[in-house]
Amino acid sequence: MKKIAALLFLLGLCFSFSFCSSDTPEQATVIPPATTPPTTTPEITDYKLIPVPANAGTGKKWEFQTDMSDDFDYNYTPSTTKTTFGNGKWTNFYHNSWEGPGLTKWKYENVIIEDGILKLITTRVEGETKSYDYGGKTLTGKATRLGAVVSNKQIVYPVYIESRIKIANSVSTSGAWMLSPDDTQEIDFMEAWGGKAARNNVTGGRQFSKTIHLSHHVFIRNPFQDYQPADNTTWYTDSKVGDWCDAYHRYGVYWKSPTELEYYIDGKLVRSTNNLDTAGGKDGIDPYSFTSPTKDPSTRTGLNKPMDILLTMEDQNWRAGIGCTPTDEEIKDKEGHTMKIDWVRIFKPVNN
C-alpha cells in the first residue's frame, strides 16, 4: 500500500508541474512580443489624393479639375469613326485631320479601353504603305497604324498635369504632350522610345529604352521654323529604373508661367526651364523670339496659349528613316506595342 501511495504522490507532482514527458503537453499561456508598426505608408490608389509634387505657391493650394481629369474607369467600345468618349472629355484621334508623322497612320479603332486602362495599340495592314520626307528625300515604307487621343478642352498656365503611363516596348514613340490648336506652342512632358530592340539604342550612342525626353517647342509655321532646347537636361535617365517600358511611371509638368516649366517623374523634380534666355541664347523657352510677331525680344510671349492634351503613339520620320520602325514580327507582340494610360489628372493652384 505504501508503494502504491508513493507512486500516486509522484504522479500527482508530475501532472502538477508538467514535468512528465508527453506528446501533447498542456499549453502555457504565451504573451506575444510587442510588434513594430509598419514603417512604410500604404500606397495611395485614388489618383485624386496622390500629393501634387509641385509647390502651389504661398497662400495657394491645389484644386483637382474634375472636368478634364480621367481615370478611364468606364466602358468604351472601339469605334471605326471619329467619336468622343469619357463624357465628352476626349476624341479618338489627333486635334486636326493630320494622320501623323513619318509612317504613322492614326486610326480611330486603335484607341481602346480595357479594365480601366486607356490603350493605344499598334497594327499593320498588309500592303498598306506611306510616303514621308527624310533627309531631303521622299521615302516610302510600310504604314504603321497607331492610336491617338486628344482632349476636347484646352488647359492653360498655371496648371499641373500628370499621367500614369506604361510606355510601349516599341521603337515607335510613346508621347504625352500638349499643343496649341494653331500648332505653334508645344510642351512634351513625356516622350519615349521604349523598345528594347538593339537597333533602338544605337542613335548617337543613346540608350533610348532607358531615357525619357522632356522638352518643349515654339514654332513659326510660314516659313516653317522650330525651336526646342537641345541641352542634355532634356534627356532623363534613372539607374534605378532600367528600361522605362517595364513598369508604370508618373509623368507630369507644372506649367507655372509662359517662361517656367517644371518636369516631374514619379513625384520627383527632374528638370526645370525658367527663363526666356540662357547664356549663349540657346536653351531657354524662346531665345529666338519665335513667339514675337516682330521678332522683338521685348515682345515675345513665351508659352502663353491654351493647349490641347495629346496622348499618342507615332512612327516618326527621323526614326523610320534610320530603320527604327516596328517589324511585322514585332507588332505581333500586342502587349509590348501598346501604350497604356492608367489616368490623367489636372490641378490648378487656387487661393487657400
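## Strands and their pairing

Helices (H or I, at least four residues) and strands (E, at least two) are DSSP runs, numbered from the N terminus. Two strands count as paired if DSSP finds at least two bridges between them. This is a predicted model, in which local features need pLDDT of at least 70 and side-chain atom pairs count only at pLDDT 80 or more, while totals for chains, interfaces and linings use all residues. Residues are numbered from 1 along each chain as its sequence is written, and side-chain values use heavy atoms, with hydrogens and water left out.

Strand β10 (residues 148–155) runs antiparallel to strand β20 (residues 307–314), and 5 bridges join the two. Within this pairing, Q154 stands opposite D308 in β20. Strand β10 is also joined to strand β3 (residues 90–91) by 2 bridges, again in an antiparallel arrangement. Here W90 has S151 in β10 as its bridge partner. In a regular strand the side chains alternate between the two faces of the sheet.

## Aromatic rings

A pair of aromatic rings is described by the distance of the centres and the angle of the planes. Rings of Phe, Tyr and Trp (its six-membered ring) pair if their centres lie within 6.5 Å; planes under 30 degrees apart count as stacked, over 60 as edge-to-face and the rest as tilted. The whole structure holds 25 aromatic pairs. One of them is tilted, because the rings of F72 and Y74 have centres 6.5 Å apart and planes at 55°. For accessibility, buried means under 20% relative accessible area, exposed over 50%, and partly exposed in between (1.4 Å probe, protein chains only). F72 is buried at 0% relative accessibility, whereas Y74 is partly exposed at 25%.

The rings of F208 and W235 have centres 5.8 Å apart and planes at 65°, so this pair is edge-to-face. F208 lies in the loop between β13 (185–192) and β14 (212–221) and W235 in strand β16 (residues 235–236), so the pair ties together parts that are 27 residues apart in sequence. F208 is buried at 3% relative accessibility, and W235 is partly exposed at 21%. Elsewhere, ring pairs link Y47, F64, W343 and F347 into a cluster.

## Charges over rings

A charge sits over a ring if NZ of Lys or CZ of Arg is within 6 Å of the ring centre and within 35 degrees of the ring normal. R319 lies over the face of F208, at 4.9 Å from the ring centre. Likewise, R221 lies over the face of F219, at 4.5 Å from the ring centre.

## Loops and backbone

Most residues other than glycine have a negative phi, and most peptide bonds are trans. The bond from Y157 to P158 is cis, with omega near -10°, and P158 is in the loop between β10 and β11 (159–166). The bond from N222 to P223 is also cis, with omega near -5°; P223 is in the loop between β14 and β15 (224–227).

N87 is not a glycine, but has a positive phi of about 55°. N87 is in the loop between β2 and β3 and is exposed at 84% relative accessibility. S289 has a positive phi near 60° and is in the loop between β19 (268–273) and β20. S289 is buried, with a relative accessible area of 3%.
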